[in-house]
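User: Hello! Could you walk me through the fold shown here, one question at a time?

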Amino acid sequence: IFDTPLVALTSQLALGYFVWDLFICVRFYEDYGPAFLLHALFCTITYYNAVMHHNMVIYSLSALLYETSTPFLNLRWFLRTVLKHEGHWWIVCNKAFAAVFLTMRVGYGSYLTSVIVHYCWLSKYESVWMRGSSALMILLSFALNGWWSIMIVQNIIKYSYVERV
């Protein structure tokens, strides 16, 4: 089931997306900064391993669910930067982004991180390097998502206060 053409295509598309993301984060480092660069690097390594070594594919594809918050992130940027709009729809989009981000990257991410680390600890199917790098990538990604979550919650509190005043 993990060697189907659809799984291969999905893994290759994810790798292509994150290679592009890595390029953009390097090219426009001043705009994106170290956090986005690290995220792009972690994801590129993860999907490179899935595509080239066919290891940890089920976990790599499961981690794509983290990206369900990305359309809201991009819509927030579009509303604020292109349309110069921070009114009702920006606030709705901002709340949707926060809800999806916290649910998927922290809630689901906690579960997936523990499953992957547990698998990497016990598995005898992958090399020590593959297990170690997979565990490291998911732990660092989870830490980065935790840091972003703190910033998101701080902004929710800040904007909630501004709305009430």
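**Helices and their packing**

Analyst: Happy to: the protein chain has six helices and zero strands, where helices (H or I, at least four residues) and strands (E, at least two) are DSSP runs numbered from the N terminus. This is a predicted model, in which local features need pLDDT of at least 70, side-chain atom pairs count only at pLDDT 80 or more, and totals for chains, interfaces and linings use all residues. Residues are numbered from 1 along each chain as its sequence is written, and side-chain values use heavy atoms, leaving out hydrogens and water.

User: Are helix 4 and helix 5 roughly parallel or antiparallel?

Analyst: The axes of helix 4 (residues 70-82) and helix 5 come within 8 Å and cross at roughly 155°. Axes are lines fitted to C-alpha atoms, for helices over the stretch in contact, with angles from 0 to 180 degrees between N-to-C directions. Angles under 35 degrees count as roughly parallel, over 145 as roughly antiparallel, 65 to 115 as roughly perpendicular and the rest as oblique. The crossing angle therefore makes this pair roughly antiparallel.

User: How many nonpolar residues are in the contact of helix 1 with helix 2?

Analyst: The axes of helix 1 (residues 5-27) and helix 2 (residues 29-53) come within 7 Å, crossing at roughly 155°. Nonpolar covers Ala, Val, Leu, Ile, Met, Phe, Trp, Tyr, Cys and Pro; charged covers Asp, Glu, Lys and Arg; the others, Gly among them, are polar. Besides three charged and four polar residues, the nonpolar count is 19.
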